[in-house]
2 protein chains.
Amino acid sequence: MRMALEESKKAIGYTNPNPLVGAIIEKNGHILSKGYHKYFGGDHAEVNAIKNALKKGHEIKDSNIYITLEPCFHYGKTPPCVDEILKYKFKKVFIGIKDPNPKVNGKSIEKLRKNGVIVDEGILKDEITELNKFFIKSMNYSIPYINIKYAQSLDGFIYNDSIKGRFTCKESLIDVHKMRKKYQSILVGAGTILKDNPKLNLRYLEGISPIRIVIDKDFDIKSTDFNIFNIPGKNIIFTNSKNYICNSKITKIVYIKDFSILNILKEINKMDINSVLVEGGGKIISLFYDYSDEINVYISNKIFGKGISPFENLKKIKEFHIKNSFIIGENIKLELKRCLRE
Amino acid sequence: MRMALEESKKAIGYTNPNPLVGAIIEKNGHILSKGYHKYFGGDHAEVNAIKNALKKGHEIKDSNIYITLEPCFHYGKTPPCVDEILKYKFKKVFIGIKDPNPKVNGKSIEKLRKNGVIVDEGILKDEITELNKFFIKSMNYSIPYINIKYAQSLDGFIYNDSIKGRFTCKESLIDVHKMRKKYQSILVGAGTILKDNPKLNLRYLEGISPIRIVIDKDFDIKSTDFNIFNIPGKNIIFTNSKNYICNSKITKIVYIKDFSILNILKEINKMDINSVLVEGGGKIISLFYDYSDEINVYISNKIFGKGISPFENLKKIKEFHIKNSFIIGENIKLELKRCLRE
């Protein structure tokens, strides 16, 4: 199963909003073939593993298959994998986690067992769940997985008048891009576009640039001269203003009448976007805080003395679980999980 | 030498303001004896090692000695160790670092060599220097080693109205006491005494409580009802007020006419205190910042949203080198070194 998990990781950043899935076919202790779900719309991991085994001329009957996710039960972009598995007469099926998709959610396991296939489930569950947290959150809650990312000075300020541009180190910047690669979308407020004119794309490494989501309730961005509108990639605007003008530089304008964060997130999820990296300024960070799954803070090695705090709009003290702490170049990166006992 | 270094560490917190020193006597590849400087005023490490070798009935002549610090050259609380080494006719002397004390500083090495003893010097230099940073700073600069320690919320606040008492975890508290054990003194401002009424002693582990130094320029502490005056330990007050009243609860009142931080530090050093753990509030932290050698920040897992910042009085942005980052319970501890390129 660990080998299957490693296979699945090869597609990080390419399968969204689909999960990352890997599969290994084994017979009498020998690996016949490997497979993984390579990109959204492509063959599923088990189908790729079967194809690879056949290509090598192996007889699949009576072999075992290890799949990180329960095979699908439904016709989507590809036919149901559970039927493929039955067709090739596997002896045992080892499954990492159940597919949280309500169309599956144990049905394939049941079908395999009814057809006499031995199924073992729950192997490396925690690691596979962590890897597929976007997919699982979206399937379970119908809103995307939210990661709030920001950088602060050692004394907690996200902005200081005397600092022009970035105040974190190059290594932190590259790390942000590694995160961006994993996320299907980046979200900022209109303020960030107007003030910083960022590109919000993927640089320094290969991959698919996330979809850019801009929250512009009151139609503050009146020009499409900003960087995001003039580089490749998709731009989606969420607004409460009827005056927003559609043009070729904006992929989609979503008018939200009841302009709440929850409604915005539900709409994002409906667009098959199941992960959002919130990179906004203090206002956006505070607004999305209550729906965040994790927070990543880059702490600079500088003391500003004064400036703007990231959570000035919070009404009460919030608590986290500190998951990880790393030194990155001259900075610290903290990975935090929300405390559910709040 | 590593063994000698480990010996020296046994006395952490007990030798101040003396250095930590360990010694090993070896002959033909066999360890004859070990020794370390146990407490201020006690026998030096090499003398202890010699005594231990003699106690066991060993003939010392022609053996080698490993000492983390150059033997002393001068009569202090004990006779010069360099003469002891010559007396017992050691063949080789391995030395970690030179003694930075101007009364020694290479003179003992020279004397040994002149008397035909082979001397090798600079072994494990970095580690021994780090372990004896208090002693070295004081000897070189005539001011003590300064460590600024404070705790902040994740968003950088050291104080928030709605928090009563400590906002860091128990594990961080114990870690602070481990630090206190290493330091000869703790320094706070009058504000901390008046507001928090702390004990500023060593709890949760055995050792000598640091000397408490309180900066009370204007004679703000008008009562000795506070905790520090009513528990065991020494209290030294630095003041600019002629009205300060001496009483049995105050060990010493130091009147400083030109009330600058540098003058205070020089006076502290003159009292044979070579390490100061600054545990003050924002005002004291900012004042001592320019003389600090390191900063230790405990970052809580809480977000306050607003509060008091630690460095509100800084005039320009300051930069650090991040040396270490640890997860301690539910908090993060950062160990920072000042950047000399400022």
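In chain A, strands S1(A) and S2(A) form a hairpin with two residues between them, and A:Asn28 in the turn has a positive phi of about 50 degrees. The structure described here is a predicted model. Strand S1 of chain A covers residues 22-27 and strand S2 of chain A covers residues 30-36; the two pair in the antiparallel sense over six bridges. Within this pairing, A:Ile24 stands opposite A:Lys34 of S2(A).

The size of an interface is often expressed as the accessible area lost when the parts come together. Here the area buried between chain B and chain A is about 3000 Å², and carbon and sulfur atoms give 63% of it. Of the area that chain B buries against chain A, 22% is supplied by B:Leu154, B:Ile303 and B:Ile317, more than by any other three residues. The contact takes 37 residues from chain A and 37 residues from chain B.

Between chain B and chain A the count of salt bridges is zero. Nine residue pairs are in polar contact across the interface, both residues of each pair being at pLDDT 80 or more. On the side of chain B that touches chain A, two or more residues come from each of strand S6 (145-152), strand S12 (294-299), strand S13 (302-303), strand S14 (318-328) and strand S15 (331-338) of chain B. The largest share of this side, ten residues, comes from S14(B). By residue class, the side of chain B that touches chain A divides into 19 nonpolar, eleven polar and seven charged residues.

Strand pairing also links the two chains. Strand S14 of chain A (residues 318-328) pairs with S13(B) in the antiparallel sense over two bridges. In this pairing, B:Lys302 of S13(B) is the bridge partner of A:Glu319. One of the three residues that together supply 22% of the area buried by chain B against chain A is B:Ile303, and strand S13 of chain B spans 302-303.

How values were computed
Residues are numbered from 1 along each chain as its sequence is written. Chains are lettered from A and ligands numbered from 1 in the order in which they are written. This is a predicted model: local features need pLDDT of at least 70, side-chain atom pairs count only at pLDDT 80 or more; totals for chains, interfaces and linings use all residues. Side-chain values use heavy atoms; hydrogens and water are left out. Contact means heavy atoms within 4.5 Å. Buried area is the accessible area (1.4 Å probe) that two parts lose on being put together, summed over both. A salt bridge is a side-chain nitrogen of Lys or Arg within 4 Å of a carboxyl oxygen of Asp or Glu. A polar contact is a pair of N or O atoms within 3.5 Å; within protein, one must be able to donate a hydrogen and the other to accept it, and residues adjacent in sequence count only if both atoms are side-chain atoms. Helices (H or I, at least four residues) and strands (E, at least two) are DSSP runs, numbered from the N terminus. Ala, Val, Leu, Ile, Met, Phe, Trp, Tyr, Cys and Pro count as nonpolar, Asp, Glu, Lys and Arg as charged, and the others, Gly among them, as polar. Two strands pair if DSSP finds at least two bridges between them.
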